[in-house]
Amino acid sequence: MKQSGKSITILMAEDDPDDRFLSKEALEEAHLANELCFVENGEELMQYLKRTGKYSEPSSCTRPGLILLDLNMPKKDGREALAEIKADPELRRIPVVVLTTSKAEEDILRSYDLGVSGYITKPVKLEELIHIMKTMGSYWFEIVQLPPY
Amino acid sequence: MSSFFSSLRVRLLLLVLLSALPALGLTLYSGIEQRRLAANAAQQDTLRTARLAANSQQALIEGAHQLLISLSQVPQVQSGEGNACQSFLSGLIKQYPNYAVFSVAQTDGSIFCTSSSDSHPVNIADRSYFQQVLKTSQFVIGDYITDRITGKAVLPFAYPVFDSSGSLERVLVAALDLSWVNQLASAINLPPQSSLLIVDNDGTILARYPEPEKYVGQKLAESPIIQTIVQARGEGTAEVEGLDGISRLYAFTPLTHSSSGGNAFVAIGVPTNIAYAGVNQLLIRNLSALIVVTLLALVFAVLISDLFILNRVKSIIQATGLIAAGNLSARVGLKNETGELGQMARDFDLMADKLQEREELLRSAEARYRSLVEEIPAVIYSYSIGEHSRPLYISPQVQEILGYSAEEWMSDQNLWSSRIFAQDCATVTSNMEQARKNGEDFQAEYRFRARSERLIWLRDEAVVVKDPQGRSLLLQGFLLDITDRKKAEAAMKVYAARLERSNQELQDFAYISSHDLQEPLRKIQAFGERLKVKFREQLSGDGQDYIDRMQNAAARMQAMINDLLLYSRVSTQARSFILVNLNDCVREVISDLETRIAETGGSVEIADLPIIEAEPVQMRQLLQNLIGNALKFHQKNRPPVVKVSSKIIPAQDWRFTPTAQISFEDNGIGFDEKYLDRIFQPFQRLESRSEYEGSGIGLAICRKIVERHGGGITARSAPGQGTTFIVTLPVKQNEKGEQEIS
């Protein structure tokens, strides 16, 4: 049974507030109705996913169907969080797409090694980001089968 | 003895002597011949004298015969009157002093009457002459006997006396006194000290003159003269000792046979010295003359040989001796001498000249090498190669460099090994051992405790010197003080480490900072975009314009940050040098620039490019920038034509590598060469941003790349006349991969 793409929550781990704002704008411009949740760093991300800390209230967070992960974050960075997620049997099914400024080959390789489903370098122009959102939406929510949870 | 004969003078004298020898011999021989002839003559003379004596004797005998014949007729003898006979005979004997006795004997042998007054009765019947007379009734000459009546040596004659009937009645005897030899001797004129001798063949002396009383009547058969006479049995001469011991030349001849067959000899003896006096004198005269002449000849020989030969030879010997002793300036100096000795002297001087010359050359060469060895700032040494290697030579610099004098070093064979720094000692000594054993070269760098206890770093290199058969002879090498170099190396290492660290820090910093710097720029651009899109209606034309300019500025900054990153990466991300075929490289670049070539309608012509040792990524960057620039900065209505060519310049300076010179010639806008320095600086642009895009980092990156490879870049141009960029790169890089030139 195919779930409705529109009900899937996208969880975005991004430390930069401007980037968060722009991403939200891009999502709107892409006419995606998905709920977009933000966490600001790796710690919050893990708390959200595990429903610990300030996310212990069950209603405050829904299990995301897709995680957009920035690699460079304070406290715990995306790389660490990624490793943790993919090590956790409960969480590792959730597709993770890295969305980061880094173009470093090393980061790309390591991310794929850890099991990410995609790696996107943040575009310079907003148009491009909107385009990415549109494409991502159509790919992940219309074409691809997400794991049921 | 042999050395005496090897002297030149003695040899010359011997030569003269030998040449005189035949003459000497000849003279001696003729002298001896003469003497022999003279001796012969003397002998003949004496023989004649002897014969004369014999003849005289013969005459005497005849006389006796006649006397007896007469006497036998005398009536005193005929009558048988004894007294008358006696007085007659004794009176007669006085008339004939030569006769010892006259006697008349009866047929029975008893003496009837005698001239001698001695009256003892004597019988001569046993006498052979008496018996002979009785037998033959003729005149008989008897043997030489000693008369019984007188006791003298006599020669008896006997004659028969017949009576009237003709029968033998009595015998007349007359005895000739043999002292008549005196008479004889004076008659024949004997020379002084000569002797006259009559002897019978029994060896009895019958008569002798002089000193008859000494010898007459004695039988001296052993005397040499008597032996000679008896053995000869005839005439002869002999040089023999006489009865008195004096050597004489004797000539002897037999006296006439007596009737009984006995024989007697008369011998005349002349002392040899008197006989041969004249001859000997002659011989002596001749020999003396000869000796004198020979001596004279020898003296002349000595003088002349000295004058012409020995003196010259002495000069040469002297000069030779001086040169042998070391005085090379000695010369013989007989310039005008001719002949073999002169030639020898001249050749000798020539040889001495050459010797002196060579000695000089040798000495100056030796001095040069010595000064070379002793003045170069290293210690030169040679050691023996055996089990216990000891120093054979150490140059004087050892004092200055290590603080030990050459004498100290030479006297202590363990000095070197004992002063090597403890930590280095084992390795160095074992290396040295190996080199020594295998005859290999030795090299080491180690610390050494100088006398002052200062630690010196030494570079020690030695080779094993071998003979043509490959046997090791000795170890020869040098010590170089490399303390300064070691210090510099250590400093270099520290510096290099620091550089490495700083590079790494820079790289990290560049990466991080470019990343972090880019962030805000992206925001500016993004929100600028949002403004333009979302609030399009609200923004006026100016507003839009402001936002555009703002975005452009941000974009430029991004580009600059990226370029800076690229620029810093030239050194921080430099990889090692490998062989790069620039032809392949340039083809890749051209294919990357395809779009731009097509857009501009331009063309790129490439000549054959070399293969060099370089960093491939950076070569790509270099070529891309230069060819890209050439395409970019084209003249307005002229399609760009880029010509890339190269040539190889052979190795020149200390890097010992040839250089590849690559030229990029374009027909673009060109520039004034007074700006040559500026164009290679980061972010320096000559043209405005509106005309030609680009951040101005390209040429700066090119220069950095080229300099990292140890090469250079420059350009030649003129406004409106195109530009030629000339890049020089070493074909070979050194091992460490560092090619920073100052």
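Ala, Val, Leu, Ile, Met, Phe, Trp, Tyr, Cys and Pro count here as nonpolar, Asp, Glu, Lys and Arg as charged, and the others, Gly among them, as polar. The views show a predicted model, in which local features need pLDDT of at least 70. Residues are numbered from 1 along each chain as its sequence is written, and chains are lettered from A in the order in which they are written.

**View 1. The second largest cavity, with a volume of about 70 Å³.** A cavity is a set of points on a 1 Å grid over the protein atoms alone where a 1.4 Å probe fits but cannot get out, and lining residues have an atom within 4 Å of a point. Its volume is the space filled by probe spheres set on the points, which are joined across faces, edges and corners. Among its 14 lining residues, B:Ile124, B:Tyr129, B:Asp147, B:Ile149 and B:Val173 lie nearest the centre. The lining of this second largest cavity holds 10 nonpolar residues, one polar and three charged.

**View 2. The largest cavity, with about 140 Å³ of space.** Look for A:Asp19, A:Leu22, A:Lys122, A:Pro123 and A:Leu129, which lie nearest its centre among 14 lining residues. Eight residues of the lining of the largest cavity are nonpolar, one is polar and five are charged.

**View 3. B:Val292 in helix H10 of chain B.** Helices are DSSP runs (H or I, at least four residues), numbered from the N terminus. B:Val292 has a relative accessible area of 48%, so it is partly exposed (between 20% and 50%, with a 1.4 Å probe and protein chains only).

Conventions. Predicted model: local features only at pLDDT ≥ 70, side-chain atom pairs only at ≥ 80, totals over all residues. Heavy atoms only, no water. Helix = DSSP H or I, 4+ residues; strand = E, 2+ residues; numbered from the N terminus. 1 Å grid on protein atoms, 1.4 Å probe; cavity = no way out; pocket = protein on both sides within 12 Å on 5 of 7 lines; lining within 4 Å.
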